[in-house]
Amino acid sequence: MPRHLTKISDLSKEEILRIIEGARNIKAHPLAYAERLKNKTLLMLFEKPSLRTRVSFEVGMTQMGGHAIFYSVADSPLGKKESIEDTAKVLSRFVDVVMARVNTRKTVQELAANSAIPIINALDDFAHPCQMLCDLQTIVEKRGTLEGLKMAYCGDLHNNVTYDLMRSAAVMGFDMSVAGPSGPGFEVEPEVLEECQRLCAVSGGHVRVCATSQEACRGVDVIYADSWMSYGISKDQLQERINRFMPFQINEALLQVAKPDVIFMNCLPAARGMEQTAGVIDGPHSIVFDQAENRLHAQKSLLLFLLGQPLLD
Ligand code: CP
Ligand code: NVA
């Protein structure tokens, strides 16, 4: 059975640490990996837009001697004339690994269930594990370790990145506090909270939902933001969402309740004046572009891991 990555908790703590170590080595010695994926092909299936995911995966394959194919679902028979099951079986005969950015978790799960090759979730409505590997690598680079980490997330709780940040804390054993609007369609799905509780019981991590951003951010090392208007959310909802989310905007006053050397992160794309102020994302605490760069290194390491290649040179 191939290994798939549908959400960050598909990996163990030890595996995540190995992939981060590999990513840091790849970043330091990229040329040592120039032939590592020679003759290997990645298919990149996209149902939603992307800058970072598309470019970093394609560049990563090129830099390791392999090839990446961009395949837009809009131009494919997938889900219309061809089932996901058949698509996964056919792709398994042509390429070595697939990454899929799709609207629903069901598509990722069906691809994985029918594929003889690794399937990487590159964002659905439930998880964004590639982003997590890059984020954890970036925190290790900036802070030295994940041990004792306290992180807060403010904004949309009914959200792929939020869910995987919570799972990351639960697997790795750090503290994660989240705050955002409540009510139907805005809250963390119970299944995610249950999974985090199960994982925290083993790892010693803590995951909690707070009533206010101030409560979530008190004394933390990292504050994280994601878009209030995730891909696929209609522009018609913009004003309603601004009204609901504005109390959870990350601004300069909120940074004051965190540790003095707090790090600000955003998976990007970002909207200044929405999930954070321009002063925060363009200010001295922000590391968002170092974070974005690590998508490349972390995914190269992930590809090697899933294809059974050594991660160190
Ligand atoms: N963070 C992230 O996944 O960015 P893209 O949507 O540009 O791929
Ligand atoms: N929550 C965002 C993440 C983008 C990388 C979205 O789904 O659009």
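In what order do the four strands form the open sheet, and is the pairing parallel or antiparallel?

Mentor: The model is predicted: local features need pLDDT of at least 70, side-chain atom pairs count only at pLDDT 80 or more, and totals for chains, interfaces and linings use all residues. Residues are numbered from 1 along each chain as its sequence is written, while chains are lettered from A and ligands numbered from 1 in the order in which they are written.

The open sheet has the order β2-β1-β3-β4, and its four strands pair in parallel. Strands here are DSSP runs (E, at least two residues), numbered from the N terminus, as are helices (H or I, at least four residues). Two strands count as paired if DSSP finds at least two bridges between them. In general, strands of a sheet pair through backbone hydrogen bonds, either parallel or antiparallel.

At the edges lie β2 (67–72) and β4 (119–121), each of which pairs on one side only. From one strand to the next, the twist averages 20 degrees; such angles run from 0 to 180 degrees between the N-to-C directions of axes, which are lines fitted to C-alpha atoms, for helices over the stretch in contact.

Within the sheet, β1 (residues 41–46) pairs with β3 (residues 97–101) over five bridges, in the parallel sense.
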